[in-house]
Amino acid sequence: MMRSFYGTRLPNPLMLGTAQYPSPAILEQAFRASGAGLRRYRCAGKGRMARGRRSGR
Amino acid sequence: MIRELGVMALPNTAGCHTVKEAVTTAHMAREVFDTSWIKLELIGHTDSLQPDVFQLVEAARILSGDGFQVFPYTTEDLVVGERLLDAGCEVLMPWGRRSVRAGG
């Protein structure tokens, strides 16, 4: 299922987050098994992030 | 390791509650990850994680003007969606739904 976002075509539009995996190895397995085309990274904001609050996904 | 998987990076502004926080975080993300893609998250309600749609539209307009390709985390509100498209977004990410591109 090819999708295009801002002119970039992706073979798979599935996005996976990169937080809270038990290990880097499991993170890698998840990406390979899913075939995800996008990885999401959380960039720390100020304030509530520093106090460890949840964020939207 | 992730780079070796050959997947695109989509940094996000998770945890940001103001336009200033989100715009600053987006600029930092662009430097760190070398991409102009940004998932814009501006939380208005901490418990429900509902986006602050008013600040979201403002931040989307600023970031689009700064050359970012914005993926806004938004609500299902159609008018807000239209405002985000007017602000320069080509993709909408309604909470609880799969992403929607402008034009279908």
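At 10% relative accessibility, Leu49(B) counts as buried, where buried means under 20% relative accessible area, exposed over 50% and partly exposed in between, with a 1.4 Å probe and protein chains only. This is a predicted model, in which local features need pLDDT of at least 70, side-chain atom pairs count only at pLDDT 80 or more, and totals for chains, interfaces and linings use all residues. Residues are numbered from 1 along each chain as its sequence is written, chains are lettered from A and ligands numbered from 1 in the order in which they are written, and side-chain values use heavy atoms, with hydrogens and water left out.

**Positive phi angles in chain B**

- Leu49(B) sits in the loop between strand S3 (43–45) and strand S4 (50–51) of chain B; helices (H or I, at least four residues) and strands (E, at least two) are DSSP runs numbered from the N terminus.
- The phi of Leu49(B) is positive, near 65 degrees, although the residue is not a glycine.
- Asp34(B), also not a glycine, has a positive phi of about 55 degrees.
- Asp34(B) belongs to the loop between H1 and S2 of chain B and is exposed, with a relative accessible area of 70%.

**Chain A in outline**

- Chain A has 1 helix and 4 strands, which run β-β-β-α-β from the N terminus on.
- Of the 57 residues in chain A, 37% are buried.
- The accessible surface of chain A is about 3,500 Å², and carbon and sulfur atoms hold 51% of it; such areas come from the Shrake-Rupley method with a 1.4 Å probe, and for residues only the protein chains shown count as cover.
- Among contacts in chain A with a separation of 6 or more, 17% join residues 24 or more positions apart; contact means heavy atoms within 4.5 Å.

**Nonpolar cores**

- In soluble globular proteins, nonpolar side chains tend to be buried together.
- The largest nonpolar core has 32 residues, of which Trp37(B), Leu40(B), Leu63(B), Val70(B), Phe71(B) and Leu84(B) touch the most other members; such a core is a set of buried Ala, Val, Leu, Ile, Met, Phe, Trp, Tyr and Cys residues joined through side-chain atoms within 4.5 Å.
- At least two residues of this core come from each of these elements of chain B: helix H1 (19–33), strand S2 (37–40), helix H2 (53–65), strand S5 (69–74), helix H3 (78–86) and strand S6 (91–94).
- H2(B) gives this core its largest share, 6 residues.
- A second, separate core has 6 residues, including Leu16(A), Phe31(A), Ala36(A) and Leu5(B).

**Helix H1 of chain B**

- H1(B) has 15 residues and spans 21 Å from its first C-alpha to its last, close to the 21 Å expected at 1.5 Å a residue; the expected span is 1.5 Å times one less than the number of residues.
- Val19(B), Glu21(B), Ala22(B), Val23(B), Thr25(B), Ala26(B) and Ala29(B) are buried in H1(B).
- The buried residues of H1(B) pack against strand S1 (8–12), S2 and H2 of chain B.

**Aromatic pairs**

- Over all chains there are 3 aromatic pairs; rings of Phe, Tyr and Trp (its six-membered ring) pair if their centres lie within 6.5 Å, with planes under 30 degrees apart counted as stacked, over 60 as edge-to-face and the rest as tilted.
- Tyr6(A) and Phe71(B) form a tilted pair, 5.4 Å centre to centre with 55 degrees between the planes.
- This pair joins two chains, because Tyr6(A) lies in the loop between strand S1 (3–5) and strand S2 (8–10) of chain A and Phe71(B) in strand S5 of chain B.
- Trp37(B) and Phe71(B) form another tilted pair, 5.0 Å centre to centre with 50 degrees between the planes.
- Trp37(B) lies in strand S2 and Phe71(B) in strand S5 of chain B, so their pair ties together parts that are 34 residues apart in sequence.
- Ring pairs link Phe5(A), Tyr6(A), Trp37(B) and Phe71(B) into a cluster.

- Thr75(B) is in the loop between S5 and H3 of chain B and counts as buried at 10% relative accessibility.
- A polar atom of the Thr75(B) side chain lies 3.3 Å from the backbone nitrogen of Asp77(B).
- Trp95(B) is in the loop between S6 and strand S7 (100–101) of chain B and is partly exposed at 26% relative accessibility.
- Beyond four places in sequence, the residues that Trp95(B) touches include Leu49(B), Tyr73(B), Thr75(B) and Glu76(B).
- The side chains of Trp95(B) and Glu76(B) are joined by a polar contact of 2.7 Å; a polar contact is a pair of N or O atoms within 3.5 Å, where within protein one must be able to donate a hydrogen and the other to accept it, and residues adjacent in sequence count only if both atoms are side-chain atoms.
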